[in-house]
Amino acid sequence: MKKTLLAVAIPTLLLANSAMAAEIIKTEDGTVDFYGQLRTEVKKLEDKDVTLNAGSSRTGVDARYKLTDTTDVFGKVEFGLNYKADGSDYSMNNRLHYIGVDSEFGKISFGRQWTVSDDVYGADYSYFFGGTALRYSTLSGARHDSLIKYNFDGEDFWVAANYGLSEDDSNQELAELYIGTSVGSFNLHAGGGQNRDKSHKIGTETVTPEASLPEFTQEKTITADIENIYFEGTVEYTVGAALIGFTYYNAELSDKNSNLSIDENGYSLAGTYSWADNATAYAGYEYTEQSADGVEDQDGTLVYVGSDYNVNSWFRVYAEYGYGDGTTLGYSNKGSDSFIGTTEVDSESSFALGARVYW
């Protein structure tokens with residue numbers, strides 16, 4: 001049973017996943033594959049120049065070997081192409097690095113991984129602009145360097161959980177648990193987690209040791225002990241070539257050294273329609289509201305619509321329009337290195353085009 005929302009029977013996604021990785025080693029005992037995808041994207045945000053960059057291109061090596069007839073060991077290392085927003089600097093970065101054991105009792109893995117909440121995700125089917133109402137990644141960015149992850153797929157249900165080692169507070173604290181099932185044409189899942197960053201950067205301040213020596217002025221990072229507690233529920237319904245999904249997220253961001261907290265409610269309604277064997281149109285509406293004592297309530301709205309077209313099993317193009325209005329705290333686009341910080345927009349339109357080559 002697959003857990004991600006995108007793992008429903010959508011022909012274009014099945015086609016895209018059929019692109020074969022290059023086999024480095026293949027024996028009776030196991031395989032080692034070299035895989036990757038090159039991405040290029042063009043964006044036009046309101047009041048900003050057109051940008052052209054590499055998106056979140058990546059490449060990696062995926063290995064799996066048999067220990068017994070029912071137990072495998074596996075591992076993955078993946079690198080991405082990191083870039084500045086203005087495209088002035090490109091560098092390789094480590095995206096994933098983990099090993100694990102897969103048996104009839106489930107799969108457990110150790111290392112730098114995406115969180116379970118990101119694997120499970122929610123009702124967002126966009127390539128570029130969606131995800132604002134999925135409130136799990138505000139602190140973590142959806143990834144942890146020292147993560148222990150467990151997955152179990154039963155006949156009628158699945159369970160996924162993870163625990164992030166804090167390692168003397170050099171990492172964030174993280175714990176999550178999600179469960180899900182399928183009933184007829186419905187896919188359902190629910191869960192949540194707790195994420196704490198004891199050194200979360202909230203800003204900078206100018207420090208002058210002595211007023212008479214302005215040349216010694218320095219910028220000091222201001223940090224806080226911030227915790228994010230969140231839970232969600234998602235339901236999807238598939239009918240013919242169409243898929244409709246809804247997700248509700250609730251989160252509370254709190255400062256552990258004070259009584260300050262922000263309550264969030266996020267609502268995501270989205271759908272897809274396969275208008276051809278190799279093409280899918282999609283659209284979504286997201287609304288997020290935040291409230292805190294002594295501060296005026298804030299809210300944010302996002303609407304997106306787009307379509308992809310799979311030329312063949314290894315080449316895909318897609319286009320998307322997004323409309324945003326209001327304020328949204330930081331969020332992460334699924335499976336990418338793109339984390340968007342606190343954003344405030346006033347009825348702004350955005351356009352984007354993208355292409356991917358898989359191997």
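A: Ring pairs first: rings of Phe, Tyr and Trp (its six-membered ring) pair if their centres lie within 6.5 Å, with planes under 30 degrees apart called stacked, over 60 edge-to-face and the rest tilted. By that rule there are 16 aromatic pairs. This is a predicted model, so local features need pLDDT of at least 70 and side-chain atom pairs need 80 or more, while totals for chains, interfaces and linings use all residues. Numbering runs from 1 along each chain as its sequence is written, and side-chain values use heavy atoms, without hydrogens and water.

Q: Which residues do ring pairs link into a cluster?
A: Tyr 127, Phe 128, Phe 129, Tyr 282, Tyr 304 and Tyr 318.

Q: What about Phe 74 and Tyr 98, how do those rings sit?
A: Edge-to-face, at 6.4 Å centre to centre and 75° between the planes. The pair links distant parts of the chain, 24 residues apart: Phe 74 is in strand β5 (residues 72-83) and Tyr 98 in strand β6. Strands here are DSSP runs of E, at least two residues; helices are runs of H or I, at least four; both are numbered from the N terminus.

Q: Is Phe 74 buried or exposed?
A: Buried, at 11% relative accessible area. Tyr 98 is buried too, at 16%. The cut-offs: buried is under 20%, exposed is over 50%, partly exposed is in between, using a 1.4 Å probe and protein chains only.

Q: Give me another pair.
A: Phe 231 and Tyr 248 are also edge-to-face, 6.4 Å centre to centre with 65° between the planes. Phe 231 is in strand β12 and Tyr 248 in strand β13, 17 residues apart. Phe 231 is partly exposed at 43%. Tyr 248 counts as partly exposed at 24%.

Q: Zoom out. How many helices and strands?
A: Two helices and 20 strands. The chain has 359 residues, 42% of them buried. It exposes about 18300 Å², of which carbon and sulfur atoms supply 56%. Accessible areas come from the Shrake-Rupley method with a 1.4 Å probe; for residues, only the protein chains shown count as cover.

Q: Cores next. What is in the largest nonpolar one?
A: It has 18 residues, and Tyr 136, Tyr 178, Tyr 230 and Tyr 249 have the most contacts inside it. Two or more residues each come from β6 (90-103), α2 (116-120), β9 (157-164), β10 (173-183) and β13. A nonpolar core is a set of buried Ala, Val, Leu, Ile, Met, Phe, Trp, Tyr and Cys residues joined through side-chain atoms within 4.5 Å.

Q: What does Tyr 136 touch?
A: Leaving out residues up to four places away in sequence, its contacts include Thr 115, Asp 118, Tyr 230 and Tyr 249. A second, separate core of 12 residues includes Ala 123, Tyr 125, Tyr 282 and Ala 352.

Q: Where is Ile 244?
A: In strand β13 (residues 242-255). Ile 244 is partly exposed at 46%. Its C-alpha is 7.6 Å from that of Leu 269, 25 residues away in sequence.

Q: Switch to charges. How many salt bridges?
A: 12 in the whole structure. The rule is a side-chain nitrogen of Lys or Arg within 4 Å of a carboxyl oxygen of Asp or Glu.

Q: What separates the closest N and O atoms of Arg 112 and Asp 145?
A: 2.0 Å. Arg 112 is in strand β7 (residues 106-114) and Asp 145 in strand β8 (residues 143-153), so the bridge ties together parts 33 residues apart in sequence. Arg 112 is buried at 18%, while Asp 145 is partly exposed at 41%.

Q: What does Glu 227 pair with?
A: Lys 256, at 3.3 Å, N to O. Glu 227 lies in strand β12 (residues 218-239) and Lys 256 in the loop between β13 and β14, so parts 29 residues apart are tied together. Salt bridges that share partners also join Arg 64, Asp 72 and Asp 102 into one network.

Notes
Contact = heavy atoms within 4.5 Å.
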